[in-house]
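I'm opening my notebook on this one and jotting down what I look up as I go. Here is the structure I have on screen.

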Amino acid sequence: MKKVFKLDIKNLTDDNGNRSFTGYGSTFGNVDRVGDIVEKGAFHKSLQQHESSGTMPAMLLHHDMHRPIGVWSSMKEDDYGLAVEGKLTKGVRDADEAYALLKDGALHSMSIGYRVLKEEYNKSTGINHVHEIALHELSLVTIPANAAAVIGSVKNEDGTPDIRELERVLRDAGLSRREAKAFLSEGFKAIAGEPAEEATET
């Protein structure tokens, strides 16, 4: 799944070709555009697992696994959110362009590739509280609603439709949560294991 945040860059430097930046890839406690709140501690276990295995989530451009643009040197949670430090690789065309766009403010959002492990939906407020996330990659993106990312996020890893992500797509299109759920409960039956009605010839 994908979730987009404003990339709050605190520092962008070019020290002898070392194009590094620091900022926040996610913030805690605020309601995002799809009605989620990422709670403090949501990344903790995933970051621990990366540390113990000596890995880091990938740094990509637009979620394209064929377009790595650098490396993340540090990721940690603080009271505000997910603090990140990264370096754009010199000599990589996409990384060089990303650096120029970051300087101009044209590249200003981050989208995380993740899987929700623990969440809690509050029916009274209509807000979904995300408590634990498995973090796979963090991408720099140009706009906070990436069409390719939305299309790619509506299926699970095994190829089956992800109803929660479909609901998000419908809500992004302007439907309320109730309307989206109503549509999925009826319109999803044809691809959820029930045989479709055969057309009659006239």
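Predicted model: local features only at pLDDT ≥ 70, side-chain atom pairs only at ≥ 80, totals over all residues.

Buried here means under 20% relative accessible area, exposed means over 50%, and partly exposed is in between (1.4 Å probe, protein chains only).

For the record, rings of Phe, Tyr and Trp (its six-membered ring) pair if their centres lie within 6.5 Å; planes under 30 degrees apart are stacked, over 60 edge-to-face, and the rest tilted. The structure holds two aromatic pairs.

The other rings I looked up belong to Phe-28 and Phe-43: their centres are 6.4 Å apart and their planes at 35°, so this pair is tilted. Residues are numbered from 1 along each chain as its sequence is written, and side-chain values use heavy atoms, with hydrogens and water left out.

**The whole chain.** I looked up five helices and nine strands. Helices (H or I, at least four residues) and strands (E, at least two) are DSSP runs, numbered from the N terminus. Along the sequence, the pattern goes β-β-β-β-α-β-β-β-α-β-β-α-α-α. Of the 202 residues in the chain, 40% are buried.

I also checked contacts, meaning heavy atoms within 4.5 Å. Among those between residues at least 6 apart in sequence, 62% join residues at least 24 apart.

**Strand β9.** How many of the residues in β9 are buried? I got 13 of the 15 in this strand, which covers residues 127-141. Then I went through its partners; two strands pair if DSSP finds at least two bridges between them.

- β4 (residues 36-38) runs parallel to β9, with three bridges, and Asp-36 stands opposite Asn-128.
- β5 (residues 58-61) is also parallel to β9, over four bridges, and Ala-58 faces Glu-137 there.
- β8 (residues 109-122) is antiparallel to β9, with 13 bridges, and Ser-111 is opposite Ser-139.

The hairpin of β8 and β9 has four residues between the strands, and Gly-126 takes a positive phi near 75° in it.

I stayed in β9 for His-129. Its side chain makes a polar contact of 2.5 Å with that of Glu-39. A polar contact is a pair of N or O atoms within 3.5 Å; within protein, one must be able to donate a hydrogen and the other to accept it, and residues adjacent in sequence count only if both atoms are side-chain atoms. Not counting residues up to four places away in sequence, His-129 touches Ile-37, Glu-39, Lys-118, Glu-119, Glu-120 and Asn-122.

**The core.** Which residues have the most contacts inside the largest nonpolar core? They are Phe-43, Leu-88, Leu-138 and Leu-140, and the core has 28 residues. β5, β6 (64-77), β7 (81-88), α2 (93-104), β8 and β9 each supply at least two residues of this core. β9 gives the most, with five. A nonpolar core is a set of buried Ala, Val, Leu, Ile, Met, Phe, Trp, Tyr and Cys residues joined through side-chain atoms within 4.5 Å.

Back to Phe-43: leaving aside neighbours within four places in sequence, its contacts include Phe-28, Val-38, Leu-82, Ile-112 and Ile-133.

Met-59 lies in strand β5. Why does Met-59 count as buried? Because its relative accessibility is 1%. Leaving aside neighbours within four places in sequence, Met-59 is in contact with a list of residues including Phe-21, Trp-72, Gly-86, Leu-88 and Leu-138. I also looked up a distance: the C-alpha atoms of Met-59 and Gly-86 are separated by 8.3 Å, and these residues are 27 apart along the chain.

His-50 lies in helix α1 (residues 44-53). At 15% relative accessibility, His-50 counts as buried too. Not counting residues up to four places away in sequence, His-50 touches Thr-55, Met-56, Pro-57 and Leu-135.
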